Amino acid sequence: MSNAAVAESAAGATAESAAGAVVSAARTRRRRRKVGRQLLIGGALVLLTVLIAAVSLVWTPRPPGEQDLARSLLPPFWMPGAQAGFPLGTDLNGRDLLSRIMAGAQASLFVGIASVVVGGLVGLTLGLLAGYFGGWVESLVMRLVDVQLSLPGVLLAIAILAATGKGLVNVVLVLGFVSWVQYARIVRGSTLGVRAQEYVLGARALGATHGRIIRRHILPNILPPILVVSTINVSSNILAEAALSYLGVGVPLSTVTWGGMLNEGKTVFELAWWNAIWPGLAILLVVFGINLLGDGLSER
Amino acid sequence: MPDRRAGSLPDASPRTLQYAAMAIYLVQRLWQSVLVLLAVSVLSFVLIFLSGDPVAALIPLNARQEDVDNIRRAYNLDQPVAVQYLLFLQKAATGDMGESFRFKSDALSIVLGRLPNTVLLACTSMLLSMLVSLPLGVLAATYKGRFPDVLASSVALFGISMPSFWLGVILILIFAGGMRVLPASGSGTWQHLVLPTITVSAFATGLLIRLVRRSVADTLGQMFVTTARGKGLSERAIAWGHVLRNSAIPVVTVMGLQFGALLGGSVVVETVFAWPGVGWLMIQSIEARDLPVIRAAVLILALFIVLINLVVDLLYTLLDPRIKLGARAQ
């Protein structure tokens, strides 16, 4: 279908094709510098989040679940009424927001990375099979892609989660299930390209098995665009997890997540806006960092 | 799909051939759309079936077993899932998607009643996205690597990184809470539309700016642009006259996909602003386990998305006559 093909070349975050463009030396330098800056800032933001998540596994200023109604809705440190030891303020139940933001990084990173692994593996496998073998396998996979694409992703996720129940693992599986399509399409497209190359034909003529050709010749050649898409997919899945938890169908409130904090924070934001601001800011910074990193990788 | 372009017809003018090819393509695509919708209906039916016993949510805790059985029978819930599905399909073919458990009236009418609100929000958001992203994208591409590009690209990056519900909450905080100039929820006047529209369009705008930028930059590197420069045309004339049209195809594709995503994905934003669209209806129906309404909403949204994809494919031929309908990719 022309639709799928064009969308692939459009939405696929593959390296920019500078076809026919004569790029001057100054321009190349400028671009390198920009890409370097993107990788640096993006990498720093991501590293910081990973560090915070790691630290929060062993230490947070306060236990993230520690309640004390006597210190309910304390403001952040610069506002009158703030208390030492609670620099970002507290929520309705008197829990320390800084500690909860730190602990929330764990869930976000876990969901983001694990769901990409799940979706990536499923999409990679199906896309490879479709692109390599063609025929009815390809038709079947591409029709599945069509079906998936005409289902609104968030709605699908909500429906499945309503069926399977809340939980970190369920969210991972659902988001993996929703995002396999983009991998399948890109992998199929690049497999089609690689399959026709001389060295693949040569290997086949020498009697290599399908498994060997796929492992040795096709996989290494289609990995770079997949890595770029995976990076950006981590950020979109972090956003999706937050949205689902915000709607109250994602991760149960017993696990600290930024989306869940927002869900609780929105009910009190007329009284204590900081409850809704911090978790959103945390999501924004991480997602921004990952997207910068993805951009840098794709333009390198 | 077999290549059945009308090339083998004898004695036909090229124009006739083109129309014949288009007609065949349309029939094929419509047929495929029906298959996709069927698959969607199976999937949504099974998923909802898996989500547990709806009767439990319908009846008071102390109901007699007899009444429970009656309700089960009335909604065919005592049958195997395959039979339930076929019964559902038979009725759905006549436009009857069952009666809402919650509102005690026709599920399809309820969804269709909410649809204009969702479509309206999707349209205003799409419009705002285009108005912002087209100029910014072209600007970024023509000044690639310089200040306007850095600015537009940063705006785009923020757009796609911002959690939409958070943006919604902040907008409510500022404009409804602090300044009290716009309503925080509900619908009816244009003021109600402003904040949800901005919230929904943020992501699409970011995506489109990046896409327009990349697409225009690619086109600027091609030979006919060099030719146009050689003829002494101004950069602005080249950008708007030559480049935009040639950059339009990937942009139109993603705009189409994005419009579909806006229809389905405004669930979250509709919930934030209590906007009475299909998405909010669906969240409420899931909470109330109102199966007929969930099914009707999923199917209607899927139908829309399939139709939009079809329209996008047809638009290609208008934008670029080199694209032949029905020709296989790659």
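Helix axes here are lines fitted to C-alpha atoms, over the stretch in contact for helices, and angles run from 0 to 180 degrees between N-to-C directions. The helices themselves (H or I, at least four residues) and strands (E, at least two) are DSSP runs numbered from the N terminus.

This is a predicted model, in which local features need pLDDT of at least 70, side-chain atom pairs count only at pLDDT 80 or more, and totals for chains, interfaces and linings use all residues. Residues are numbered from 1 along each chain as its sequence is written, chains are lettered from A and ligands numbered from 1 in the order in which they are written, and side-chain values use heavy atoms, leaving out hydrogens and water.

**Exercise 1.** Work out what chain A is built from, and how α3(A) and α6(A) pack.

*Solution.* 
- Start by counting: chain A has ten helices and zero strands.
- Next, get its extent: the C-alpha trace spans about 75 × 55 × 35 Å along its principal axes.
- Now find α3 (residues 97–133) of chain A, which packs against α6(A) at an angle of about 35 degrees, the axes being 4 Å apart.
- Then check the hand: the crossing is right-handed, meaning the near helix is turned clockwise from the far one by less than a right angle.
- Finally, sort the residues of this contact: 22 are nonpolar, nine polar and two charged. (Ala, Val, Leu, Ile, Met, Phe, Trp, Tyr, Cys and Pro count as nonpolar, Asp, Glu, Lys and Arg as charged, and the others, Gly among them, as polar.)

**Exercise 2.** Describe how chain A meets chain B.

*Solution.* 
- First, list who touches whom: 55 residues of chain A are in contact (heavy atoms within 4.5 Å) with 58 residues of chain B.
- Then take the buried area, the accessible area (1.4 Å probe) that two parts lose on being put together, summed over both. It comes to about 5100 Å², with carbon and sulfur atoms giving 70%.
- Look for a salt bridge (a side-chain nitrogen of Lys or Arg within 4 Å of a carboxyl oxygen of Asp or Glu). There is one between the chains: A:Asp295 pairs with B:Arg210, their closest N and O atoms 2.5 Å apart.
- Ask which helix gives the most to chain A's side: α10(A), with 13 residues.
- Last, classify that side: 36 nonpolar, eleven polar and eight charged residues.
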